[in-house]
Amino acid sequence: MKTDTPILTRLKDYAAPSYKIKTIDLDFNLHASKTRVKSKMVISRLSQNATDFHLDGEELHLISVKLDGKPVAKKNFKTTKTGLTLKNLPNHFTLEIESECNPSTNSSLMGLYISGGRFCTQCEAEGFRRITYFPDRPDMLSIFNVRIEADKEKFPTLLSNGNCTEQGDLKTGRHYAIWNDPFPKPCYLFALVAGKFDTVSDSFKTMSGRNIPLDIYVDPGDAARALYAMDALKRSMKWDEDAFGREYDLDRFMIVAVRDFNFGAMENKGLNIFNSSLLLADEASATDMNFELIESVIAHEYFHNWTGNRITCRDWFQLCLKEGFTVFRDQEFSASQRGAALQRIKDVKALRVRQFPEDAGPLAHPVRPASYMKIDNFYTATIYEKGAELIRMLKTLLGDADFRKGCDYYFETLDGTAATIEQFIACFEHVSGQNLSQFMHWYEQAGTPNITIKTDYDSDAKTFDIAFTQNTRPTPGQVKKPPFLMPNILALIDKDGHNFGEQTLQMNQETIKVHYENIDHEPSISMFRKFSAPVNIAFQPDLHHRLNQMEFDTDLFNRWEAGQSLARDILVNLSRSLESGKTPTDFTAMHQYTKTIVKLIDDKNLDMGFKALVMAQPLDGSILQACASQGHGVDPLAVYQAGKILRLAIAQTGAKTIEALYVHVSHPLPFIPNATGAARRSLRNICLRYLIQITDVKAQKYARDQFETATNMTEEYSGLLALIKLGGPTAETALQTFYDKWEHTPLVIDKWFSAYAGLSGFNALEKISALTNNPAYKDANPNRVRALIGGFAATNPETFHNIDGSGYKFFADNVLMMDKVNPQLAARLLGVFSVWTTLDLHRQSLIKAQLTRILKSKPSANVYEIATKSLGA
């Protein structure tokens with residue numbers, strides 16, 4: 001727990017290492033409560049001005065320190081709770097350190113810990129210091145040689161990075177393995193795993209003809225559920241060769257699934273460690289979303305081999321260098337597997353749900369932050385998803401050919417280094433001859449640009465003029481911001497639905513004007529096609545233009561976006577009316593919107609996946625943001641009720657069409673976890689969601705039958721959620737049935753907790769709170785905590801935002817409890833409260849009171865940073 005105010009680390013204070021560690025030999029003697037680690041480092045002085053040499057270390061017991069084989073005198077070293085400092089050092093020396101750590105009590109899940117009776121590690125960002133003393137920074141690149149010793153019966157598999165060069169048995173029932181990674185790497189990429197596993201094995205032939213053994217290690221009995229992950233891995237390896245020319249470099253590639261993991265997965269060189277929720281799947285126990293995420297995350301971690309491992313980041317401020325680029329690469333891979341237009345819509349939906357609120361709230365920060373208290377708190381949507389949008393804009397601005405040349409030049413010239421954003425951008429300047437200095441604003445400035453549009457159509461002159469103006473609101477620490485450089489892919493749509501005049505504008509000034517001639521009728525505007533820049537658009541064209549775009553825009557993203565934009569405006573107006581107690585009088589827009597949605601649903605030529613996306617309304621969070629952008633917050637329950645009203649309007653308008661479509665897509669087909677199968681199931685499930693808006697006997701029967709007869713988890717879980725929405729005794733019965741069926745499958749029970757967290761109605765909070773005492777609830781397991789506590793905040797607006805503040809208190813209580821066990825997870829949960837600035841004044845005061853209570857509890861540095869920034873302190 002916190003005893004002092006956390007120290008602020010600033011980008012401007014970066015200093016290069018004073019010493020270089022060429023090689024490090026690690027010897028692990030694994031025991032649950034006392035693991036002994038011996039390290040031997042070959043070190044050279046880089047700066048003659050350097051005196052002391054500091055090695056980070058936390059929660060370690062130091063046993064001995066030797067310099068060139070001799071014990072170091074006590075006067076020449078000092079230990080603190082944060083590390084070991086040596087002085088009076090020669091220019092070249094060998095340093096040997098022996099220490100102990102206790103994996104069995106490591107509930108933070110950083111460093112070396114035990115999960116399910118197995119040893120595993122997580123070192124990014126600053127976990128290696130919990131294993132041994134070392135300069136725990138990404139620009140310290142060293143060759144790692146690792147020896148692991150453990151009890152053979154309990155831990156028959158011993159893994160680390162690179163290639164296994166030796167293994168054998170020892171006396172007293174122990175054995176050992178020696179691993180060598182020939183590529184220099186920072187310590188955050190170190191990995192160790194020891195335990196009992198089942199293995200799924202395969203191989204991949206690289207483009208140069210090398211045969212690479214592939215192994216996935218899972219809990220005994222789970223091998224069959226790792227087959228899809230293996231298939232996704234092989235597809236990822238082939239795609240990276242074809243799309244980026246990147247071939248795998250080691251002689252073996254391994255993945256391990258663990259149940260207790262703070263992140264989704266970790267790209268440790270040659271030995272990826274995965275949260276089991278993002279590796280294991282079959283049709284009975286995993287949804288289509290699970291399959292899609294597994295495919296995406298497998299690709300992401302594998303792609304890190306080049307964008308993150310072979311070239312890493314100089315310091316943690318450059319985190320977006322590896323994460324933003326790699327997210328872009330995994331999104332491109334998913335687009336190749338799932339359909340480019342539909343994948344783009346899904347990616348933008350995720351960006352708007354996670355990153356846009358971050359950019360608009362008290363936790364806003366640039367893609368490359370200027371400072372932090374705990375780097376753990378900066379694994380954010382801004383770094384990842386917005387960082388990927390920057391790479392996408394770069395590709396659009398440069399064109400495919402120069403973008404690929406820039407990537408190749410980056411890999412060729414910076415391989416084996418710890419690089420910066422400036423070096424990355426310089427590669428693209430070099431190959432294209434363009435000056436990209438203005439593009440750097442995207443890395444340096446927080447906030448989402450707002451684009452306002454003014455049009456002028458002259459029917460006599462038959463000219464059409466458009467003025468695009470960009471402005472970015474102040475964010476914490478940044479008040480005035482110069483214009484961004486951004487691409488705007490622009491086209492027009494005539495009254496007959498023909499698309500014409502597509503061009504890519506480079507918007508590099510506050511206002512950019514476009515002039516068209518020989519325009520017979522005022523056209524509709526299709527701007528920022530494919531979401532060519534991460535911006536908010538403030539433009540409300542006439543209703544007929546929006547409906548025209550919904551029906552005829554050839555850019556599928558903008559066709560979807562036209563509907564979303566119109567729905568957002570309808571929901572904002574409804575929310576304000578409900579909040580004020582006034583009854584809306586003009587339903588013209590809603591009526592025309594619902595008619596158009598039903599028309600699209602009935603279009604036999606439209607892709608099922610696109611229909612499902614079109615039918616999905618904007619999420620409540622985007623409506624809260626839209627309301628807040630008008631100058632003041634809104635009652636979140638008014639937003640929730642507005643959503644119900646619009647869903648009911650669509651359900652009533654299209655009742656026959658939706659029911660007929662539901663029946664059509666309900667005919668059983670073999671389960672295939674590809675885009676086509678997923679689209680069909682997605683469409684069926686969203687049709688069911690609309691059918692239950694009209695709570696008649698037929699709708700209840702559809703929901704109950706789907707839940708009881710489903711042959712795959714996607715449809716079974718959707719049936720369960722539908723029954724929960726309908727409420728009453730049937731909901732509780734369905735929840736119990738689901739639990740009884742899956743109680744021995746942990747990943748499915750996570751889904752059960754998440755579903756239960758959405759329970760509303762009388763005594764809902766009491767029932768949800770009781771689940772924290774359920775024997776199946778394990779507060780040390782991040783997946784389960786995210787399912788229940790995170791699920792409660794994300795999916796239960798009626799109870800979370802209760803006017804009496806009880807939902808906020810329950811949430812804050814659990815954050816405080818988690819902070820004692822896993823501060824990193826607690827801080828991530830607490831980020832939910834940053835929404836307070838978009839809410840009505842009463843709820844703002846309730847959340848601020850909880851944040852103040854959390855700060856008074858003397859929390860960890862992780863939680864302290866999020867709480868203080870959320871309050872604007």
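Predicted model: local features only at pLDDT ≥ 70, side-chain atom pairs only at ≥ 80, totals over all residues.
Visitor: Let's start with H19. Which of its residues are buried?
Guide: In helix H19, the buried ones are Ala731, Ala734, Leu735, Phe738, Tyr739 and Trp742. They take up an arc of only 135° around the axis, so they sit on the same side of H19.

Visitor: Why would residues spaced like that point the same way?
Guide: An α-helix has 3.6 residues a turn, so residues three or four places apart point the same way.

Visitor: And what's on the face turned away from the buried side of H19?
Guide: That face carries Pro729 and Thr733, which are exposed.

Visitor: Which helices do the buried residues of H19 pack against?
Guide: They pack against helix H17 (697-709), helix H18 (713-726) and helix H20 (746-757).

Visitor: How far apart are the end C-alpha atoms of H19?
Guide: They're 20 Å apart. H19 has 14 residues, 729-742, so at 1.5 Å a residue the helix should span 20 Å, and that agrees.

Visitor: On to H20, then. How many of its residues are buried?
Guide: 10 of its 12 residues, so H20 is mostly covered. Among them are Leu747, Ile749, Trp752, Phe753 and Tyr756, and the charged residues Asp750 and Lys751 are buried too.

Visitor: What covers them?
Guide: The cover includes helix H2 (288-303), H18, H19, helix H21 (764-770) and helix H22 (782-795).

Visitor: What span should H20 have?
Guide: At 1.5 Å a residue, its 12 residues should span 16 Å. The end C-alpha atoms are 17 Å apart, which agrees.

Visitor: Change of topic: how many cavities of 30 Å³ or more are there?
Guide: The count comes to 2.

Visitor: What lines the largest cavity?
Guide: Its lining is made of Lys349, Arg352, Val353, Trp560, Gln564, Arg568, Gln617, Pro618, Leu619 and Ser622. Helix H4 (340-360) and helix H10 (556-580) are the elements that give two or more residues to that lining. By class, it divides into 4 nonpolar, 3 polar and 3 charged.

Visitor: And which element gives the most to the lining of the second largest cavity?
Guide: H10, with 4 residues. Helix H11 (588-601) also supplies at least two. Residues lining this cavity include Met550, Arg559, Tyr593, Ile597 and Val614.

Notes. Residues numbered from 1 in each chain as written. Heavy atoms only, no water. Expected span 1.5 Å × (residues − 1). Buried < 20%, exposed > 50% of the residue type's maximum accessible area, 1.4 Å probe, protein only. Arc of directions from axis to C-beta. Contact = heavy atoms within 4.5 Å. 1 Å grid on protein atoms, 1.4 Å probe; cavity = no way out; pocket = protein on both sides within 12 Å on 5 of 7 lines; lining within 4 Å. Points joined across faces, edges and corners; volume = space filled by probe spheres on them.
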